[in-house]
Number of protein chains: 2
Amino acid sequence: MGEAIQKMPRTERGRRTLRSLLDAAAAEFGEKGFHNASISGITTRAGAALGSFYTYFDSKDAIFRALVRDMSRRVKEHVAPAMAGAPDQLGAERQGLAAFLAFAREHKEIYRIIDEAEFVDPQSYRLHYETTAERIRERLQAAAERGEVRTDVSDIHAWAIMGMNVFLGLRYVVWADEEPSKVAAIASEMISDGLKPR
Amino acid sequence: MGEAIQKMPRTERGRRTLRSLLDAAAAEFGEKGFHNASISGITTRAGAALGSFYTYFDSKDAIFRALVRDMSRRVKEHVAPAMAGAPDQLGAERQGLAAFLAFAREHKEIYRIIDEAEFVDPQSYRLHYETTAERIRERLQAAAERGEVRTDVSDIHAWAIMGMNVFLGLRYVVWADEEPSKVAAIASEMISDGLKPR
């Protein structure tokens with residue numbers, strides 16, 4: 001996210017202003033889409049002066065780019081602690097999926113924003129998914145070394161799991177309002193045990 | 001797709017013109033995106049007169065809507081026969097995924113078009129995924145009745161598998177050029193057997 005921001009705030013007040021601008025941008029882009037969103041719409045929502053906006057961003061494109069990276073980072077920071085304490089990595093993945101779904105339920109705009117990045121800011125779009133898949137792959141391969149998952153786990157498994165998580169969030173959390181832990185339990189059992197009859 | 005088309009062609013020549021217009025629209029929207037695409041760009045690519053366009057479509061929105069539904073139908077028609085002849089449903093799903101990936105490799109523009117439908121034509125976007133997931137759910141539940149997959153398969157499994165398939169296509173076929181059957185084999189083995197060590 002740093003590279004889209006012209007100047008990182010040095011004071012607590014500056015950090016709060018930047019956070020307000022990013023939260024306001026999430027609401028503005030989420031509600032109106034990129035093309036209909038405006039810088040004045042963002043500053044009004046944030047209760048910030050136009051000058052504050054231009055302290056941190058030089059354009060609507062710049063704050064959109066910063067927002068995609070900010071959301072990517074926030075998902076990661078929300079999911080990582082939720083994975084702790086699981087008995088094994090497959091359990092941790094289930095807890096992580098439930099945490100992701102809960103995050104998406106509170107921040108439904110994340111779907112529209114990340115999806116629109118494919119058109120507005122393809123580099124951030126790709127970066128978001130590549131870094132997310134890479135984290136999953138690293139977790140799976142570390143788990144394979146501990147004997148918790150099969151030894152041949154690869155980037156293909158990571159992309160498959162990420163795609164599953166994204167679509168479950170779209171269907172059950174953004175479009176409907178299912179309980180995240182229930183959806184996560186069912187999907188994760190498929191990942192652990194497969195669909196073959198037992 | 002019918003509802004976006006003003007009048008269905010009654011002659012073979014009319015059907016060919018309509019097909020040319022839809023193929024040209026796929027190229028135009030895939031290359032330029034919805035907003036920069038133009039009706040004249042589509043008719044030029046199709047080698048068709050503007051009057052032919054307006055015989056079938058009343059606007060750029062209308063042909064976009066018809067195109068999303070046409071692509072949805074073509075994917076289905078491409079994948080269905082590829083699933084035949086498999087020893088069981090999990091084998092059929094693997095063959096279906098390989099066929100989908102092969103289709104996406106030949107029609108990479110399908111990703112940009114379906115993804116852009118989220119913004120240009122949300123109803124078609126949702127319809128595409130809902131009907132695709134519904135087909136998967138029906139196949140899995142029929143297979144459960146034959147004892148080929150676990151008995152509790154549900155729409156959650158269907159959406160998980162669809163999301164997996166979509167992201168594998170994006171990563172390995174649109175962004176890279178992997179062999180579809182290899183990707184399908186690895187992902188499908190996860191769906192069949194799960195990731196637990198054997």
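Which residues of chain A does UniProt list for "DNA-binding region"? The entry, which is unreviewed, gives residues 38-57 of chain A. UniProt positions follow the numbering used here, feature names are shortened, and annotations may be inferred rather than shown by experiment.

## Ground rules

This is a predicted model, so to speak of local features takes pLDDT of at least 70 and side-chain atom pairs count only at pLDDT 80 or more, while totals for chains, interfaces and linings use all residues. Residues are numbered from 1 along each chain as its sequence is written, chains are lettered from A and ligands numbered from 1 in the order in which they are written, and side-chain values use heavy atoms, with hydrogens and water left out.

## Chain A and its annotations

Chain A comes to 9 helices and 0 strands, with helices (H or I, at least four residues) and strands (E, at least two) taken as DSSP runs, numbered from the N terminus. Its C-alpha trace spans about 60 × 35 × 30 Å along the principal axes.

Back to that listed stretch: residues 38-57 of chain A are 75% helix and 0% strand, with 13 Å between the end C-alpha atoms. UniProt (again an unreviewed entry) also has "domain: HTH tetR-type" over residues 15-75 of chain A. That span is 87% helix and 0% strand, and its end C-alpha atoms lie 19 Å apart.

## Two helices in chain B

In chain B, the axes of H1 (residues 12-36) and H4 (residues 60-83) come within 10 Å and cross at roughly 105°. That makes H1(B) roughly perpendicular to H4(B), the label for 65 to 115 degrees. Axes here are lines fitted to C-alpha atoms, for helices over the stretch in contact, and angles run from 0 to 180 degrees between N-to-C directions.

Among the residues that meet are Leu22(B), Phe29(B) and His35(B) from H1(B), and Ile63(B), Leu67(B) and Arg74(B) from H4(B); contact means heavy atoms within 4.5 Å. The residues of this contact divide into 11 nonpolar, 1 polar and 7 charged.

## Where A meets B

Each side puts in its share: 48 residues from chain A and 48 residues from chain B. The buried area is about 4,400 Å², and carbon and sulfur atoms give 69% of it; this is the accessible area (1.4 Å probe) lost on putting the two parts together, summed over both. Arg150(A), Phe167(A) and Leu195(A) supply 19% of what chain A buries against chain B, more than any other three residues.

## Salt bridges

A salt bridge needs a side-chain nitrogen of Lys or Arg within 4 Å of a carboxyl oxygen of Asp or Glu. Asp193(A) and Lys196(B) meet in one, at 2.9 Å from N to O.

Inside chain A, Glu28(A) pairs with Lys32(A) in a salt bridge, with 3.6 Å between the closest N and O atoms. Both residues lie in helix H1 (residues 12-36) of chain A, 4 residues apart, or about one turn of the helix.

Notes:
Parallel < 35°, antiparallel > 145°, perpendicular 65-115°, else oblique. Nonpolar A, V, L, I, M, F, W, Y, C, P; charged D, E, K, R; others polar.
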